[in-house]
Amino acid sequence: MKTTLSIFKLLSIGLVFALILGACTSAGNGSPPTAPPAAAIKLRIAVLPILDTLPMYVAQQEGLFAANNVIVEFIPVASAAERDQIITAGQADGMINEPLSTMLYNKNGVQVQTVRYARAATPQVSLFRILAAGNSGIQAVGDLRGVEIGISQGTVIEYLSDRLLRAEGLTPDEIKFIAVPKIPDRMTLLGTGELKAAMLPEPSASLAIQQGARLILDDTRHPEFSYSTITFRKAIIDQHPQAIQAFMEAIEQATSLINADPAKWSTLLSDQKLVPPSIIGTFEVPPFVTAGVPTPAQWDDALAWARQKGLLDRDLAYADSVVGIFLP
């Protein structure tokens with residue numbers, strides 16, 4: 001009996017020792033135990049029906065957000081004003097906007113931060129165009145002297161119109177604007193000739209040209225002034241930097257897919273109403289900008305314009321509003 005118990009004890013001790021040794025060997029020579037992946041964070045993005053959002057929709061459709069361990073919910077908005085209300089109320093975490101918008105958010109303290117370009121003009125690709133009505137008689141930039149140009153006041157449209165016209169030699173007293181905030185209204189008035197000229201974004205500008213408007217000037221001549229941005233609430237960036245990084249990785253992957261095969265996404269453009277139905281099939285998706293953030297020079301120029309227009313009463317530090325640390 002004693003012999004049996006002794007053998008049993010020896011076997012038990014040996015089993016425990018083997019288990020300990022196995023664990024040590026596994027930890028020392030094999031792959032270390034991996035921690036379970038962190039739970040995916042949800043980011044809510046306020047989205048306007050604009051071409052700039054295409055990489056986000058591609059990332060969602062192709063499962064790139066999920067592959068990078070982030071959940072993205074789109075909150076459709078009809079206007080920049082509605083977007084800003086939702087962001088201010090904390091009902092959305094991120095958006096596509098432009099530097100003037102970011103400056104106005106941050107004029108009394110840093111509320112949002114820009115993390116990437118969304119789109120950017122190049123010498124080959126335009127984002128905005130100044131068009132003349134087909135019956136206006138306007139043929140060239142010089143013909144715009146003293147002509148009222150339809151814009152949305154106090155926005156990137158006014159900033160860009162001013163910068164492009166001045167870069168082309170018009171003086172401030174020769175540049176005349178008239179406030180027509182809504183793009184469809186601008187297009188209608190341009191089409192009837194009640195408005196002799198207007199600034200329109202793409203692809204609305206392409207539709208207006210198809211309907212008889214004439215291209216006078218676009219931002220391919222001075223692309224440094226023209227871009228949109230991806231911006232998040234600072235509180236979200238501070239709380240969930242890994243989610244912002246994951247989002248950015250997915251956007252970069254989606255951008256590569258779009259640039260590799262621009263024609264592939266016509267159904268998505270139609271489904272999300274990013275391009276007017278009448279030009280689906282003829283509108284060519286332009287190359288999308290790869291990872292980057294606005295430069296200090298771009299920020300300072302927009303800031304100087306905003307201060308000149310009385311939109312801001314103090315300077316805002318570039319580094320407080322633009323962060324490049326999340327670029328892939």
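## Close-up views of a predicted model

**View 1. Contacts of Ala 132.** Ala 132 touches Ile 138, Leu 190, Lys 196, Ala 197, Ala 213, Arg 214 and Ile 216, leaving out residues up to four places away in sequence. The model shown here is predicted. Ala 132 belongs to strand E5. The residue has 0% relative accessibility, so it counts as buried. Ile 216 lies 84 residues from Ala 132 along the chain, yet their C-alpha atoms are separated by 6.6 Å.

**View 2. Helix H7 and its buried face.** Helix H7 spans residues 183-192, and its buried residues are Arg 186, Met 187 and Leu 190. Seen down the H7 axis, these residues fall within an arc of 95 degrees, so they line one face of the helix. What do they pack against? Their partners are strands E5 (128-132), E6 (148-151) and E8 (197-201), together with helices H6 (156-167) and H8 (204-210). Leu 190 is also among the contacts of Ala 132. Gly 193 follows H7 and has a positive phi, near 90 degrees.

**View 3. The sheet of 5 strands.** This sheet is open, with mixed pairing and the order E2-E1-E3-E10-E4. E4 pairs with strand E10 (residues 227-233) in the antiparallel sense, over 7 bridges. Arg 119 stands opposite Ser 228 in E10.

**View 4. Helices across the sheet.** Helix H4 (residues 80-88) lies across strand E1 (41-47), E2, strand E3 (94-97), E4 and E10. H4 runs at about 150 degrees to E3. Helix H10 (residues 241-260) lies across E1, E2, E4 and E10. H10 runs at about 0 degrees to E4.

View 5. The Arg 233 side chain reaches the backbone oxygen of Ala 92 at 3.0 Å. Beyond its neighbours within four places in sequence, Arg 233 is in contact with Arg 44, Ile 87, Gly 90, Ala 92, Asp 93, Gln 111 and Val 112.

**View 6. Phe 247 and the nonpolar cores.** The largest nonpolar core has 53 residues. Which of them touch the most other members? They are Leu 54 and Phe 247. H10 supplies the largest share of this core, 9 residues. Phe 247 touches Leu 43, Ile 45, Met 56, Phe 65, Val 70, Val 72, Ile 230 and Phe 232, not counting residues up to four places away in sequence. Another core, of 35 residues, lies apart from the largest one. Its members include Ala 121, Ile 149, Leu 164 and Trp 299.

**View 7. The protein as a whole.** The protein contains 13 helices and 10 strands. Of its 328 residues, 46% count as buried. Among contacts between residues at least 6 apart in sequence, 79% join residues at least 24 apart.

Technical notes: Residues are numbered from 1 along each chain as its sequence is written. This is a predicted model: local features need pLDDT of at least 70, side-chain atom pairs count only at pLDDT 80 or more; totals for chains, interfaces and linings use all residues. Side-chain values use heavy atoms; hydrogens and water are left out. Two strands pair if DSSP finds at least two bridges between them. Helices (H or I, at least four residues) and strands (E, at least two) are DSSP runs, numbered from the N terminus. Contact means heavy atoms within 4.5 Å. Axes are lines fitted to C-alpha atoms, for helices over the stretch in contact, and angles run from 0 to 180 degrees between N-to-C directions. A nonpolar core is a set of buried Ala, Val, Leu, Ile, Met, Phe, Trp, Tyr and Cys residues joined through side-chain atoms within 4.5 Å. Buried means under 20% relative accessible area, exposed over 50%, partly exposed in between (1.4 Å probe, protein chains only). A polar contact is a pair of N or O atoms within 3.5 Å; within protein, one must be able to donate a hydrogen and the other to accept it, and residues adjacent in sequence count only if both atoms are side-chain atoms. The arc is that of the directions from the helix axis to the C-beta atoms.
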